[in-house]
Amino acid sequence: MENETIDDCLDRINQEGYQPTRRVEEPIFIEENGQPVPNGRKIVFDAKLVKHEH
C-alpha cells in the first residue's frame, strides 16, 4: 500500500494470517535528460498462509 511503513505492512500481513517468507526491493527510476535517475524503491514481500492447528 502506498505510504505504508514496513512495520505497518508486516503487522497487516500477520493480522491476515500470513508469514513473510521473502523481501524484494526493486528500484524505481524516472527519466531526466534521456537518462534513468533513481527515484525511490518498491518493497515487495512474499508470504505464506500460516496453518493453524485445531
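Student: Let's start with Asn39. Is Asn39 buried, partly exposed or exposed?

Tutor: Asn39 is partly exposed, as its relative accessible area is 46%. On this scale, buried is under 20% relative accessible area, exposed is over 50%, and partly exposed is in between, using a 1.4 Å probe and protein chains only. Keep in mind that this is a predicted model, where local features need pLDDT of at least 70 and side-chain atom pairs count only at pLDDT 80 or more, while totals for chains, interfaces and linings use all residues. Residues are numbered from 1 along each chain as its sequence is written, and side-chain values use heavy atoms, with hydrogens and water left out.

Student: Got it. Where is Asn39 found?

Tutor: Asn39 sits in strand E2. Helices (H or I, at least four residues) and strands (E, at least two) are DSSP runs, numbered from the N terminus.

Student: And what does Asn39 touch?

Tutor: Setting aside residues up to four places away in sequence, Asn39 touches Ile28, Phe29 and Ile30. A contact here means heavy atoms within 4.5 Å. For Asn39 and Phe29, the C-alpha atoms are 5.0 Å apart in space, although the two are 10 residues apart in sequence.

Student: Now the strands. How many bridges join E1 to E2?

Tutor: There are 13 bridges between E1 and E2, and the two strands run antiparallel. Two strands pair if DSSP finds at least two bridges between them.

Student: Which residue stands opposite Ile30 in E2?

Tutor: That is Val37. Another facing pair is Glu32 with Gln35 in E2.

Student: What about the turn of that hairpin? Which residue takes a positive phi there?

Tutor: Asn33 does, with a phi near 55°, and the hairpin has two residues between its strands.

Student: How about Pro36? Is Pro36 buried or exposed?

Tutor: Pro36 counts as exposed, at 58% relative accessibility. Its place is in strand E2, and, leaving aside neighbours within four places in sequence, Pro36 is in contact with Phe29 and Ile30.

Student: How far apart are the C-alpha atoms of Ala47 and Pro36?

Tutor: They are separated by 31 Å, with the two residues 11 apart along the chain. Ala47 is also in strand E2, and it is partly exposed at 33% relative accessible area. Not counting residues up to four places away in sequence, Ala47 touches Ile13, Tyr18, Gln19, Pro20 and Thr21.

Student: New topic: charges. How many salt bridges are there?

Tutor: The count comes to four. The rule asks for a side-chain nitrogen of Lys or Arg within 4 Å of a carboxyl oxygen of Asp or Glu. In general, side chains of opposite charge can pair when their charged atoms come close.

Student: Show me some. Which residue does Glu4 meet?

Tutor: Glu4 meets Arg12, at 2.9 Å from N to O. Glu4 is partly exposed at 24%, and Arg12 is partly exposed at 25%.

Student: Which residue forms a salt bridge with Glu25?

Tutor: Arg23 is one of them, with the closest N and O atoms 2.6 Å apart. Glu25 is partly exposed at 38%, and Arg23 is partly exposed at 41%. The side chain of Arg41 also meets Glu25 in a salt bridge, at 2.9 Å from N to O. Arg41 lies in strand E2 (residues 35–49) and Glu25 in strand E1 (residues 18–32), so this pair ties together parts that are 16 residues apart in sequence. Through shared partners, salt bridges join Arg23, Glu25 and Arg41 into one network.

Student: Which residues are closest to its centre?

Tutor: Of the 13 lining residues, those are Met1, Glu4, Arg41, Lys42 and Ile43. Helix H1 (6–15) and E2 are the elements that give two or more residues to the lining, and E2 gives the most, with four.

Terms used. On a 1 Å grid over the protein atoms alone, a cavity is a set of points where a 1.4 Å probe fits but cannot get out, and a pocket is an open set with protein on both sides within 12 Å along at least five of seven lines; lining residues have an atom within 4 Å of a point.
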